[in-house]
Amino acid sequence: NYTTYTKQLQQKLLQRRNMALTVLNEYFSDLGTWNVPKGGFYIWVTLRKRISMEILFHKAIKKGILLNPGDIYDFNPNHSLRISYAYLNEKEFTKGIQDLAILIKHLSKNNSS
């Protein structure tokens, strides 16, 4: 029934959220900050260093990573990303976060030169 379905979905999303937080702690702790969401499908990450979000978006697309830069939601530059954890398994999510971390580090290095 619907109640059982929603409870199972909530549990699955909670597991994926916890997995995403573990992965972010491992690969992103030096790159950004985030709050632990109480529910939902994504985590807001705010980058510590100012980089071009437009360049990051285009480089990420070339790597097969679809980003949601925060400024598409409030129309102001905010150096934040909305990272979804709802649809990928742990292996896919981890690979995406690892690749994204490399891109951000590369852009940060080039931006400070």
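**Note on the predicted structure**

1. The structure holds one salt bridge, a term that here requires a side-chain nitrogen of Lys or Arg within 4 Å of a carboxyl oxygen of Asp or Glu. The model is predicted, so local features need pLDDT of at least 70 and side-chain atom pairs count only at pLDDT 80 or more, whereas totals for chains, interfaces and linings use all residues. Residues are numbered from 1 along each chain as its sequence is written, and side-chain values use heavy atoms, with hydrogens and water left out.

2. The partners in the salt bridge are K95 and D99, whose side chains meet at 2.9 Å, N to O. Side chains of opposite charge can pair when their charged atoms come close. K95 and D99 are separated by about one helical turn because they are four residues apart in helix α4. K95 counts as partly exposed, at 46% relative accessibility, while D99 counts as buried, at 15%. Buried means under 20% relative accessible area, exposed over 50%, and partly exposed in between, with a 1.4 Å probe and protein chains only.

3. The protein chain has four helices and four strands, and their pattern along the sequence is α-β-β-α-β-α-β-α. Helices (H or I, at least four residues) and strands (E, at least two) are DSSP runs, numbered from the N terminus. The C-alpha atoms fill a box of roughly 55 × 30 × 25 Å, taken along the principal axes. Of the 113 residues in the protein chain, 37% are buried.

4. Strand β1 (residues 32-34) runs antiparallel to β2 and is joined to it by three bridges, with G32 opposite L47 in β2. Five bridges pair β2 with β4, again in the antiparallel sense, and V45 stands opposite L81 in β4. Two strands pair if DSSP finds at least two bridges between them.

5. Y87 lies in the loop between β4 (80-84) and α4 (90-112). Y87 is exposed, with a relative accessible area of 66%. Leaving aside residues up to four places away in sequence, Y87 touches R16 and F41, where contact means heavy atoms within 4.5 Å. Y87 and F41 are 46 residues apart in sequence, and their C-alpha atoms are 8.4 Å apart in space. For the protein chain, residues 24 or more positions apart account for 60% of the contacts with a separation of 6 or more.

6. The largest pocket has a volume of about 350 Å³. A pocket is an open set of points on a 1 Å grid over the protein atoms alone, where a 1.4 Å probe fits, with protein on both sides within 12 Å along at least five of seven lines; lining residues have an atom within 4 Å of a point. The volume is the space filled by probe spheres set on the points, which are joined across faces, edges and corners.

7. The lining of the largest pocket comprises 17 residues, of which I65, L66, I83, S84 and L88 lie nearest its centre. Helix α4 gives the most to this lining, with seven residues. By class, nine lining residues are nonpolar, four polar and four charged. Ala, Val, Leu, Ile, Met, Phe, Trp, Tyr, Cys and Pro count as nonpolar, Asp, Glu, Lys and Arg as charged, and the others, Gly among them, as polar.
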